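Open the model in your viewer and keep the selection panel at hand. The tour goes stop by stop.

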Amino acid sequence: MSGLGTSFGFGAATNPPRDMANSDCVLVIGSNMAESHPVGFHWPLVARDRGATIVHVDPRFTRTSAAADVHVAIRPGTDLAFLAGLIRHVLETGQDFRDYVLHFTNAATILRSDYDFDEATGLFSGWNPETRRYDLLPHSWDYDLEPGPDKVARTDPTLQDPRCVYQVLRRHFARNTPEVVASTCGCRPADVVKVAELLARNSGRDRTSNLAFALGFTQHSTGPQTIRAAAILQLLLGNMGRPGGGITALRGHANVQGATDIPTLWNVLPNYLPLPHAVPEQATLAAYLAGGHGSNARRGGVTDGLWQEEAHRGAWSALPHYLVSLLKAWYGEAATPGNDFGYDWLPKITGDFSYMSLFEKMRRKEIEGAFLFGQNVGVSGPNARLERDALRSLRWLVVLDLFETESASVWYADPQGPAPASVGTEVFLLPVAAGTEKSGSITNTERLVQWHEKAVEPPGECRSDLAWIHDLGLRLKTLYAASTLPRDAPIRNLTWSYGESEPDPELVLRELNGYHVATGEHLHSGAELAHDGSVACGSRLYVGVYPAPAANLARRIGGPVNALGVFSEHGWAWPGNSRILYNRCSADADGKPWSERKKLLWWDEAAGHWTGLDAPQFPVTKRPDHRPAPGARGIEAIPGDGAFHAHLDGKAWLFAPFGLVDGPLPVHYEPFESPFRNALFSEQCDPLKVIVEDVENAIAPAADLRWPLVATTYHLTEHFISTRMDGWLVELQPTMFVEIGEELAAARGVANGDWVVVSSARGEIEARALVTPRMKPLVVHGRLAHVVGIVNQFGYRGEGVGDSANDLTAMSMSPDSHIESAKSFTCELRAGRLAHPRSLVPLPRVPEPLVSDPVPGTPWAAQPFGRQRRGE
């Protein structure tokens, strides 16, 4: 989550969803929380029953809208523009929480004199028109630094200097008036003012507002910058680090946060340590560490600038401890000071290996084989047709899943695919255990690590993902055991001690938590990490989850509920069991709660430490009035009000001097496909957007009349990707459909339930039409904009089949996170069916019932319900 990480330090949800019950206002934007996160949505409803206001901003009127006090419909892909209007209103009306902003953000920091923003083009200073990139140095986005070796930024606490961040922010968002925002988004000017006023009135010393978002907010070419706008808004209102405030990044699966923390990503090591680049400036461990937080990696080896102070100030000054401890966990005794602790064995980045670029490489035969663990790219990825073609270009494909998915059957069952005999891909389908059939930990939206025990044995040859990976690792180590080739050293030296034939997931958690190499004693806090090889730790943020062999804190269940209504002893949240990130902000500069109603942490002068209702996410004995001594380094360089100590200045960043490649402040650009020209700037789209160049990935030009409609995709509660393999759930939502408004239906001659064909520049699908007044046409720049909502969960395998929405979406990515841009693209819709309907054949139903008959005299918990279905 580059937008959150750049703004605050961590790319994670800041408050537990349960804490929404303490909110005075909840803004849900780009999410249908009631249907996509129905359990979590209980807490906004609790807040509403206590008098809070729920605001829903989304293109569709959904169950979330029905439960909200205010619903504002906006055009897909214009969330950033809407937030820009809210930010402007807060600034122009002076409703920012000034004391909070002064102490906890970089509002007072003065920027360099050569910083500029071109209000005609929408580009920042440093733009190189020849390379279509921002030059790295000299970097005008840096702070204006005082003379001297410490690189201390100049500030103006009065916020009057025209080059201070606060004034730059005011000028930057000044053009986003309610009228301009309404014309861009398709809402009314009064809607912008109303939502801004609701948030402002419900924020401050005694009140807090929460902002929640999901994929409808992020899956755009400007996704990270849209999140930046949300961060700026919440900082101006003083809502970060406080009960009932924060930003809730709603995760779609139970372990999405865990998969981000311990990633299977191409450019990140566990817990956000940047993977080195294959450049001379990172050829050695010492050279890599000198860059601080991998800024060298992002800047191609440049070794100058304010950002390099991360190597000396703030939490990232401990990067040597983080990385060496990780290397010791991975390579054990083989990692020594003499070989840079195995730094050479880490892979180095040589190009773009992000998700979508992999399929481009498959198509060019640059990748011969692939593993798919629980990921069905055959329908769930952008431009799924291209992805299926890419899979058929492989020599071999291993699919580990509960069912035969579209990806596993891509060689013979794809209605759009070639004859099976012409496909050379050898596919291996390995059966994987379901969540209830394996033990281990998950880390959910609120960074909460929870342990789950195996409830039943998996049927047949089904094994957990961990078991399959463990087996593969053992086989590879055996295969390379006798090799003397340097290239095989990373596998030969890899520690792989998680059990014999079957791995023990607690041994994995022990490695993540970390231990002292000499004694094996488990680590208790991150302060024990070291860069001398004495400590092994697979995940710096997870230190403390398993502090002793008999103390797996992820196993904790229930426990007392604190004054916030949070189970502070249920499971374990990173870092250090803090339930609310940046919670130093819950007290003022002197360490006193902003109000009795919203107190969380406070400074206990008599005891000499911070205390309260949460574990401080801050040095517990650092006084509120601490000021760094000249030349101070590390955490000691962060002042007593520096709540955001992952940043070198301890501040949250309204203005980001580095961290995002497409600008230090959010800018609304049109989606990569749009029926409208950008009315604000000459740059139509994000200038650094990434589009996979492939004949199957055609992109519609801006304002192309062949594609006049705006499409967005979404999920159903009754289906969650693979649940269409279950006949009971398919009965609830049996048919692929698209949702359209009554006006569009009348214009296209479509009645409710009719077949329609939806087409984009990449292909076409057929579906039933759901004609509903919930989809209203929007007025954008004086023209009608019709939105088509497309269900995102059907495919050609399962007990309920239908065309895939992702056959229409494009492989277009944001420049910072490379997230897909699937939530806004252009399309056309017509009545009728495809000329040659595809052969979408459901899986055969088994003759046996889906559940067994109850066994007389057997307890309910022991009844064999559902067992036949899993073992087919």
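In which loop is the place of Leu159? Select the loop between strand S7 (133-134) and helix H7 (165-173). Helices (H or I, at least four residues) and strands (E, at least two) are DSSP runs, numbered from the N terminus. Leu159 has a positive phi of about 60°, yet it is not a glycine. Most residues other than glycine have a negative phi, and most peptide bonds are trans.

This is a predicted model: local features need pLDDT of at least 70, side-chain atom pairs count only at pLDDT 80 or more, and totals for chains, interfaces and linings use all residues. Residues are numbered from 1 along each chain as its sequence is written, and side-chain values use heavy atoms, without hydrogens and water.

Next, select Trp574 and Pro575. A cis peptide bond joins Trp574 to Pro575, with omega about -5°. Pro575 sits in the loop between strand S19 (572-573) and strand S20 (601-604).

Now show helices H5 (residues 79-92) and H8 (residues 178-185). Their axes are 9 Å apart and the packing angle is about 170°. Axes are lines fitted to C-alpha atoms, for helices over the stretch in contact; angles run from 0 to 180 degrees between N-to-C directions. That makes H5 roughly antiparallel to H8 (an angle over 145 degrees). Ala81, Phe82, Gly85 and Arg88 in H5 meet Pro178, Val181, Thr184 and Cys185 in H8 (contact: heavy atoms within 4.5 Å).

Last stop: strand S14 (residues 426-431). Phe428 lies there.

How values were computed: Parallel < 35°, antiparallel > 145°, perpendicular 65-115°, else oblique.
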